[in-house]
Amino acid sequence: MKPRLVLACLTTDAVVARARAEFDAVIHEGPGDMTVPEVTAAAAALEAQAILFTNTLPLTAPAIAGLPASIRVGATCSVGFDHIDVPAARARGIAITNTPGVLDECTADHAMMLLLAAARRGLEYDRIMRQGWRYRIGQGELLGVRVTGKRVGILGMGRIGRAFAQRARGFDMQVLYHGRTRLPPELERGATYYSNFHDMLPFCDFLSIHAPGGATTDRMIDAAALSLLPDGAVLVNVARGSLIDEHALLDALTSGKLFGAGLDVFRDEPDYDTRFATLDNVVLSPHVGSASRETRDAMGFRALDNIAAVLAGRPAIDPLWRD
Amino acid sequence: MGKPVLFVTRRLPASIEALAVRDYDARLTPSDVAIADLLVRAEGADALLCCPGDVLDAETIAALPGSVRVIGTFSVGYDHIDVAAAKARGIRVCNTPDVLSVATAECAMLLILAAARRAGEGERLVRSGKWAGWAPTQLLGTQVSGRRLGIFGMGRIGREIARMARGFGMEIHYRDMTRLSPDLEQGAVFHDNDDSFLPICQVLSLNAPGGGGTRHWLDNGRIAKLPPGAVVVNAARGTLVDDTALIAALRSGHVAAAGLDVYNGEPALHPDYVTLENVVLLPHLGSATVETRDAMGRVVLAGIGAVLAGETPANLV
């Protein structure tokens, strides 16, 4: 008998096919992802042992308490897990896994794309083209800022931050970083560590955010932090919208304090602050840091591998805690 | 003795205009439109600083006042200047080589990432206010990291792109007339023919010079040899691409996405490009950074100054 799974989020065809082949699965067909009541009802009806979901499902303590006793593992198809009350899951004996490692490269690529696009005004130029162009642009007009050889500060030097640093080095950028602890030299690779976040900011021509969300990092990028950046700096965020005070960021973008910003994540998604859309000096993307087909397949497969391991009595590959 | 007279035909970055005013009796032109009365304004000038778009053909050069000893162009390319006619009159010509390789390579790398990761579509979705949240295949792009990059034309700019692409773990291949030395090649794989080169190009970056030899190089036949789902980027010259062929391939999906900074007949471009979602389009701004335009201005002014001082600058055409 196959193990029983609720696939609560929409996913790629390849992941759906594998879920069907290997599990007795309820496959959600949309239009959106399943809500907590929908997951609870589907899991109860199927006597499901596993749920595969993503950051669209808020697994709060009450949501976890409402799940049927048959559930043994929840696999989130994401690296972040700020949508899950981990202590509540642990207390109920439900294993939780995430998908680290498989989206680092893709997310770092996206961050570098946003950095280049914000610095070199890529999407602003694209709008000029789509409006027809047809006029000469002066040698001193519409200029971007150079990326190569500049200083980039990285907030959060985990896997994705380090993958991003690797790309920045290809542009001869000097890498600075802040994290809770200093990395060993083989991971640091010459980057300059700042134990105090604010001490780093005056040296950041570019600032790229790769720290987790949650209460401890909430609004780390506030008016005070932004004021410490050099004039004309560029901010990139592919991590979590909660790290930024968006009002302060809007002020810094309209005052000219920042040259520009590239944003993939927002405090409220998908209902983000549309004042950003009125600005030409921001590049916006709809939380697609991991959105390459290769990576989304890999994330789904990784989540299925985690579920299979736990249900077979083996250790999870990516447990959020180890007993 | 007074300062030499420098006639600047277009608006330049403020820092460069300030340098011109400091070192010359400068006649500035605060406009982006090519001027009509170039010959009148050049009267009595020792030097001309022009831009692409100004037409300095044999006829114009023959009519320049005898005071003009040097023409500087705010560009690498000098196809707008009849160099032979200038030489015949004893007028030296200098340009801005080298200083824009990095900015242009950045632009190409931006186009690779933006096209592969569907940045234009994502932007338009978010700005439209119609973003409804995650969907399974919504805006799924092609991963750049670890892919094979083919560079057509491995000059200074091509090699800068290769250096940047190595940071993304890309495998670098290149097609050129001759093989580079190992220190310049840096492990990139040389191809001496299109048939071995094109099928490996998951990402193809065009970095060859324009002109008759490469006109419409990327045509139907060569596009057919690219792997399905390839990404094509052109930050070199619009003439390298057969637009009809590329547009057909973008429509069929054989080419998944394209990023273009240059066009046949710019500032016009094939109208079908702007109807496509899977292209990212830039208005020939490969060198458009504050730092690069500043460096270009300094290089060309230094060249002009050297000629006027009786020296032979390195950036003499």
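Contact here means heavy atoms within 4.5 Å, and helices (H or I, at least four residues) and strands (E, at least two) are DSSP runs numbered from the N terminus. This is a predicted model, in which local features need pLDDT of at least 70 and side-chain atom pairs count only at pLDDT 80 or more, while totals for chains, interfaces and linings use all residues. Residues are numbered from 1 along each chain as its sequence is written, and side-chain values use heavy atoms, leaving out hydrogens and water.

**View 1. Helix 11 of chain A over the sheet.** Helix 11 (residues 246-255) of chain A lies across strand 10 (233-237), strand 11 (258-263) and strand 12 of chain A. Helix 11 runs at about 135° to strand 11 of chain A (axes are lines fitted to C-alpha atoms, for helices over the stretch in contact, with angles from 0 to 180 degrees between N-to-C directions).

**View 2. The open sheet of chain A.** Seven strands pair in parallel in the order 8-7-6-9-10-11-12; pairing takes at least two DSSP bridges between two strands. Strand 8 (192-194) and strand 12 of chain A are the edges, and the twist averages 15° from one strand to the next.

**View 3. Strands 6 and 7 of chain A.** Five bridges join strand 6 (residues 151-155) to the parallel strand 7 (residues 174-178). Here A:Val152 stands opposite A:Val175.

**View 4. Where chain A meets chain B.** Each side is well worth a look: 67 residues from chain A and 67 residues from chain B take part in the contact. Seven salt bridges cross the interface (a side-chain nitrogen of Lys or Arg within 4 Å of a carboxyl oxygen of Asp or Glu). One of them links B:Arg147 with A:Glu294, whose closest N and O atoms are 2.1 Å apart.

Notes: Chains are lettered from A and ligands numbered from 1 in the order in which they are written.
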